[in-house]
Amino acid sequence: MSSQPIDVHVHVEDDRTGTAVSTLKRAIADNLYYLQGKDEHFANLYDYYMALAYTVRDRMVYRRIKTAQTYYEKDSKVVYYLSAEFLIGRLLLNNLINLGIYEPVRQALEEAGLNLDDLIEREEEPGLGNGGLGRLAACFMDSLSTLEIPAVGYGIRYEFGIFDQLICDGWQVEHPDNWLRFGNPWEIPRPDYMVEVKFGGHTEAYTDASGQARVRWLPRVTVFGTPYDTPVPGYGNNTVNTLRLWSARAGEDFDFHVFNAGDYTQAVAAKTFSENISKVLYPNDNTPQGKELRLQQQYFFVSCSLQDIIRLYLRQHDSFDAFPDKVAIQLNDTHPAVGVAELMRLFIDDYQLDWDKAWDLTRRTFAYTNHTLLAEALERWPVSLFGRLLPRHLEIIYEINFNFLNEVRERYPGNTAKLARMSLIEEGQEKQIRMAHLACVGSHTVNGVAALHTELIKQDLMRDFYELWPHKFQNKTNGITPRRWLLMSNPALSNLITEKIGDGWIKNLDELRRIEAFVDDPQFRAQWRQIKHNNKRTLADYILRHNEIEVDVNSLFDVQIKRIHEYKRQLLCVMHIITLYNRLKANPYMEMLPRTFIFGGKAAPGYFMAKMVVKLINSVAEVVNNDPDVDGRLKVVFLANYSVSLGQFAYPAADLSEQISTAGKEASGTGNMKFALNGALTIGTLDGANVEIREEVGAENFFLFGLTAQEVMDLKAKGYRPTDYYNSNPELKQVIDQLASSFFAPREPGLFMSIVDALLHGDEYMLLADYQSYIDCQERVSQAFRDQENWTRMSILNVARMGKFSSDRTIADYCREIWHVEPTPISLEAYSQENAGLKVPRVPEMA
């Protein structure tokens with residue numbers, strides 16, 4: 001009997017790139033053994049998390065290298081996003097989902113006796129941001145990769161992020177956020193791309209070899225910036241872009257001669273100075289030293305980033321003629337605005353371009369996003385500080401200002417008031433540099449982040465600049481990534497939606513409109529309600545574990561989670577709670593819809609009034625939660641140490657989203673979008689993106705109250721008298737009087753008088769003017785919640801109509817209308833053993 005040859009093709013996967021369950025199991029085991037140095041007898045859950053994280057990172061590095069190669073070969077235009085904050089959240093689950101390997105990884109771990117959720121909880125969360133600004137930057141990076149846009153995010157690798165918030169006796173207490181203490185498996189250090197950053201010293205004029213007058217900067221201190229790269233994978237494609245964060249270190253860590261002379265502290269002084277720059281996110285700037293450190297931080301990461309951008313550009317170009325055609329730099333608020341002066345310095349001092357050429361390139365490269373209408377948040381630096389720290393940049397800014405004011409004079413001859421308003425230098429007892437003005441003058445485009453915000457920029461904040469350059473101003477309404485804020489945060493709701501309309505919504509959020517077809521389906525509404533109920537149960541369990549407060553999951557979950565600030569008006573929500581409490585005390589048998597009020601957010605360490613509001617919330621909670629007359633109908637909870645991960649619990653559980661900032665103060669807001677995308681209904685003012693959310697979801701599905709931005713301005717212009725409201729409204733008066741008394745602070749009489757004084761003698765954020773409108777609107781909320789069928793219908797329509805608020809849409813608009821950049825798809829080659837192995841061709845340097 002003759003045997004026939006059998007052609008057997010065996011598929012072999014590389015252990016570092018393969019995604020089969022068996023391959024993943026081998027890879028995790030290898031990383032546990034060879035990277036963690038443990039076997040199963042000694043490994044703990046954190047070791048398994050690290051082994052898994054390295055396994056996932058391997059698969060991203062493979063794609064990242066191919067991404068860099070493709071960008072180089074195609075000479076793609078690249079977006080460089082400069083932001084002082086990137087609040088990226090935990091990365092393991094996000095990366096598993098975007099790479100499409102969640103299920104095989106879960107199965108591989110399950111077969112080994114491990115639970116993926118347990119490992120996800122072992123990940124330290126990088127607190128590299130304070131709130132919406134940093135979270136927006138993280139959403140944008142996700143969307144840039146998902147849309148296959150060549151991009152690099154630049155920021156600071158803070159050793160200590162936003163502080164850990166503890167609540168002790170009702171007060172916020174800050175502890176260091178040592179997120180790097182166990183290492184970070186996602187980052188890749190790049191010491192070969194280290195750059196030098198100068199501070200202090202003086203400048204001197206000289207003549208170069210061609211007879212041109214030049215200036216050189218002779219610094220007092222030199223610091224080195226080392227980049228650490230975090231891969232950012234797109235969803236459902238092969239693109240992996242980079243988040244490059246800079247860490248500071250001294251030129252010389254240790255002065256051996258000084259040490260031998262016995263001055264041990266001075267021997268490491270340079271190291272201490274340098275490392276302080278990237279030590280902590282947003283040092284308290286209530287002191288001169290804090291202000292100086294903030295400016296050092298901003299200049300440090302901007303200089304590092306611009307030097308890196310030029311290095312990347314010059315790999316393929318021998319002149320700067322094409323620089324704006326290949327480089328788009330976005331300034332995320334005014335923190336990186338010093339980049340305008342720094343790029344000019346690099347062009348004219350280091351690369352010896354003439355001024356006009358350098359200025360033309362600079363203005364065609366930068367674009368600036370304004371994120372605030374608050375005057376105190378528009379950065380101004382004292383000229384004295386700036387000149388001491390950055391003497392060359394001060395000279396450049398004065399030159400920019402001189403040329404700019406000449407342009408203004410030509411356009412508006414004799415208008416000295418306009419010149420004073422528009423100057424980059426604010427005159428006064430202490431001259432200051434207006435960084436928003438520098439960003440505006442040095443950029444080709446200025447954008448706001450919501451339609452109302454952009455109009456207020458044009459008509460008020462930057463009216464003079466808009467009149468001079470109307471073509472510069474655009475709106476780009478913010479958005480959020482649906483991958484993290486629905487797919488990850490709310491898997492049950494995501495599965496229900498996908499079951500009904502498919503998974504196209506994950507990359508095209510407009511497809512959510514299709515679930516409107518099921519809004520009148522009783523079974524679909526019942527499923528929707530059950531998912532919300534289960535999410536509320538999950539949050540209630542968290543509250544019981546961490547706050548030791550038992551809440552009613554059938555009550556209305558009324559949630560306000562955001563940075564604590566007076567303009568965001570957490571205090572107004574507290575006044576509503578006190579009003580309801582007073583009604584119950586007056587009539588304990590009255591019918592009242594049960595509510596659970598849930599707060600979360602951090603107050604800046606130096607912000608006295610915000611920290612008083614935190615204390616007040618907890619003091620009110622202490623009284624309300626323990627009063628037998630309330631009988632559980634009201635509960636007040638403050639979730640300590642709010643973070644991205646905690647938000648992923650809270651947003652899906654909320655029934656009501658509190659977006660109650662004073663009209664005209666919130667630039668956009670993105671929390672409003674996260675709540676609505678998860679089915680919460682909004683109570684809010686016509687502020688920021690609330691305006692557009694209401695337009696999209698329908699006025700009938702939004703609880704509106706309060707003054708408009710114009711009415712706020714008109715009332716203030718007419719002479720706002722908060723005491724008139726206090727004296728004419730008995731319920732409001734009772735609330736204020738209780739705050740003034742020791743009612744909520746029996747052991748500390750007068751504790752809240754600072755709040756009372758702020759309300760009665762100024763009320764900057766118009767709480768008393770909006771109080772009754774807010775109370776009345778909350779009554780409408782209570783009535784609506786009693787009709788659960790209709791409430792569910794409204795919830796479904798909110799989700800269905802949130803397509804506009806995807807960060808994918810926002811980024812597509814930036815790409816088309818500001819950056820003028822196109823997608824660059826990435827193709828991967830299938831693994832073959834023949835092509836594996838060490839190769840040493842001449843390859844281009846890759847970012």
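Reader: In what order do the six strands of the open sheet run, and what is their pairing?

Author: The order is β20-β19-β18-β21-β22-β23, and the pairing is parallel. Bear in mind that this is a predicted model: local features need pLDDT of at least 70, side-chain atom pairs count only at pLDDT 80 or more, and totals for chains, interfaces and linings use all residues. Residues are numbered from 1 along each chain as its sequence is written, and side-chain values use heavy atoms, with hydrogens and water left out.

Reader: What makes β21 and β22 a pair?

Author: Two strands pair if DSSP finds at least two bridges between them. Four bridges join β21 (residues 656–659) to β22 (residues 681–684), so they qualify. Ser 657, for instance, has Thr 682 of β22 as its bridge partner.

Reader: Why are β20 and β23 called edge strands?

Author: Each of them, β20 (634–639) and β23 (703–704), pairs on one side only.

Reader: Which helices sit on that sheet?

Author: Helix α22 (residues 522–547) packs on it, touching β18, β19 and β20 (contact means heavy atoms within 4.5 Å). Its direction makes about 75° with that of β20. Helix α23 (residues 570–586) lies across β18, β19, β20 and β21, at about 155° to β19.

Reader: Why are α10 and α12 called oblique?

Author: Angles under 35 degrees count as roughly parallel, over 145 as roughly antiparallel, 65 to 115 as roughly perpendicular, and the rest as oblique. Helix α10 (residues 288–314) and helix α12 (residues 339–350) pack at about 45°, with axes 10 Å apart, so oblique it is. Among the residues making the contact are Val 302 and Leu 306 of α10, and Leu 343 and Phe 347 of α12. The contact residues divide into seven nonpolar, three polar and two charged (Ala, Val, Leu, Ile, Met, Phe, Trp, Tyr, Cys and Pro count as nonpolar, Asp, Glu, Lys and Arg as charged, the others, Gly among them, as polar).

Reader: Why is the pair Tyr 80 and Tyr 154 called stacked?

Author: Rings of Phe, Tyr and Trp (its six-membered ring) pair if their centres lie within 6.5 Å; planes under 30 degrees apart count as stacked, over 60 as edge-to-face and the rest as tilted. Here the centres are 6.0 Å apart and the planes at 25°, so the pair is stacked. Tyr 80 is in β1 (residues 78–82) and Tyr 154 in β2 (residues 151–156), 74 residues apart. The structure holds 31 aromatic pairs.

Terms used. Axes fitted to C-alpha atoms, helices over the stretch in contact; angles between N-to-C directions. Helix = DSSP H or I, 4+ residues; strand = E, 2+ residues; numbered from the N terminus.
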